[in-house]
Amino acid sequence: EQAALRAYIDQPSVDRDGHHVEIAGNIGRPDDAEVVRANGGDGVGLFRTEFLYMDRNDFPSEEEQYIAYKTVLEKMEGRKTVVRTLDIGGDKELSYLTLPEEMNPFLGYRAIRLCLEERSLFRVQLRALLRASIHGDLKIMFPMIATLDEFRTAKNFLMEVKAELIEEGFEVSDDIEVGMMVEIPSAAVIADLFAKEADFLSIGTNDLIQYTLAADRMNEKVSYLYQPYHPAILRLVKNVIDAAHANGKWVGMCGEMAGDEIAIPILLGFGLDEFSMSASSILHARAQISKLSKAEMTKHIDHILTLTTSADIENYVIENLL
Ligand code: PEP
Ligand code: MG
């Protein structure tokens, strides 16, 4: 099977009818970009930058971060590279940043909430990203956006930092798309409002599922509620995709669901533009999509949306679409 999959390495990511999608990789370290390329990835759909900050004793400097982002962009050789700004807090702690203890870390002070409060920390990362932007096709996205105000504030701050850099004489790319993760239900519900202001949306199902079903993604006692095919999740995902397209924006998914063979036919049918997953899943996803037809999925989608439980939806896909 491995050998058969290797045949897809230089193939375009298209369905049976030639409908194009992007199959990208999720990375955590600069070297992972090579693994994405070795697996034929069309780009990087999610660079989780918190790894630059972890397992060390102090914040990474602007120069250090600049090198890391430049390295990834160069390894991707002009292919789309989506870098997510710092998503620290919650389950991801830093030894050198003491944060108050929280009752509900997943609902607390983290990610964009922390970055908008700790502007000096955020500025260093944005400066490094903007400086690296000239080395490839950089897209920047903000994590854990719940309100339009957060997105606007983050984007305005990014523009401010860009102006500072230009003032200082640095070269900065002029066409950096600025998007956001849709991983909080409030954002998924008002995706139409976000899609007017963001250049792209990327659905983070790992968090979207835990928040929508109120089931901690790390808690085994409630893992039975962590249901990617729950009708509520499918409706939210469809809403986000439709909202993006109605506003002429592209939409990706960078949660685990994007590489899941049960979810892939449904996501293709919904019209998802970019599937970002662990590098090891890329070829399998490309092979699977090559055998499906987006156009033909429409009638399956109509039926799937009438099904009432996650199990019914899973069974329908297994029986009809795998
Ligand atoms: C997500 O929430 O789906 C996501 C991609 O981000 P992370 O897993 O890093 O929270
Ligand atoms: Mg997340």
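Predicted model: local features only at pLDDT ≥ 70, side-chain atom pairs only at ≥ 80, totals over all residues.
Colleague: Where is S281 placed?
Modeller: Residues are numbered from 1 along each chain as its sequence is written, while chains are lettered from A and ligands numbered from 1 in the order in which they are written. Helices (H or I, at least four residues) and strands (E, at least two) are DSSP runs, numbered from the N terminus. S281 lies in the loop between β8 and α12.

Colleague: Does S281 count as buried or exposed?
Modeller: A residue is buried if 20 or more other C-beta atoms lie within 10 Å of its own, exposed if 12 or fewer, and partly exposed in between, with C-beta atoms placed from the backbone. S281 has 22 C-beta neighbours inside 10 Å, so it counts as buried.

Colleague: How many Å apart in space are S281 and Y96?
Modeller: In sequence, S281 and Y96 are 185 residues apart. From C-alpha to C-alpha, the distance in space is 35 Å.

Colleague: Which residues does I88 touch, not counting residues up to four places away in sequence?
Modeller: I88 is in the loop between β3 and α4 (111-117). It has 22 C-beta neighbours inside 10 Å, so I88 counts as buried. Two residues are in contact if their C-beta atoms, placed from the backbone, lie within 7 Å. Leaving out residues up to four places away in sequence, I88 touches E50, Y53, L94, R110 and L114.

Colleague: With which residues is R131 in contact, leaving aside its neighbours within four places in sequence?
Modeller: R131 belongs to helix α5 (residues 119-132). It counts as buried because 20 C-beta neighbours lie inside 10 Å. Beyond four places in sequence, R131 is in contact with Y66, L165, F170 and V172.

Colleague: Does D31 count as buried or exposed?
Modeller: D31 sits in the loop between β1 (22-27) and α2 (32-38). D31 has 11 C-beta neighbours inside 10 Å, so it counts as exposed.

Colleague: What is the phi of E77 near?
Modeller: E77 is in the loop between α3 (62-75) and β3 (80-84). E77 is exposed because 11 other C-beta atoms lie within 10 Å. Most residues other than glycine have a negative phi. Here the residue is not glycine, yet phi of E77 is positive, near 45 degrees.

Colleague: What is the phi of A214 near?
Modeller: A214 is found in the loop between α9 and α10. With 9 other C-beta atoms within 10 Å, A214 is exposed. This residue other than glycine has a positive phi, near 50 degrees.

Colleague: Which residues of α11 are buried?
Modeller: Eight of the eight residues of α11 are buried, so this helix is largely enclosed by the rest of the structure. The cover includes α10 (231-246), β7 (250-253), β8 (274-277), α12 (282-290), α13 and α14 (310-320). The buried residues are A263, I264, P265, I266, L267, L268, G269 and F270.

Colleague: At what angle do helix α11 and helix α13 pack?
Modeller: Axes are lines fitted to C-alpha atoms, for helices over the stretch in contact, and angles run from 0 to 180 degrees between N-to-C directions. The axes of α11 (residues 263-270) and α13 (residues 294-304) are 8 Å apart. Their packing angle is about 105 degrees.

Colleague: How does that make α11 lie relative to α13?
Modeller: Angles under 35 degrees count as roughly parallel, over 145 as roughly antiparallel, 65 to 115 as roughly perpendicular and the rest as oblique. Therefore α11 and α13 are roughly perpendicular.

Colleague: Which element gives the largest share of the shell around ligand 1?
Modeller: A residue is near a molecule or strand if its C-beta atom, placed from the backbone, lies within 6 Å of it. The shell around ligand 1 is made of L46, R48, D87, E183, G204, T205, N206, D207, C254 and G255. Two or more of these residues come from each of β2 (44-48) and α9 (205-212). The largest share, three residues, is given by α9.

Colleague: How many residues of the shell around ligand 1 are charged?
Modeller: Ala, Val, Leu, Ile, Met, Phe, Trp, Tyr, Cys and Pro count as nonpolar, Asp, Glu, Lys and Arg as charged, and the others, Gly among them, as polar. The shell has two nonpolar and four polar residues. Its charged residues number four.

Colleague: What pLDDT does the protein chain average?
Modeller: The model scores ipTM 0.99 and pTM 0.97. In the protein chain, 100% of the residues score at least 70. The average pLDDT is 96.

Methods: pLDDT = per-residue confidence, 0-100.
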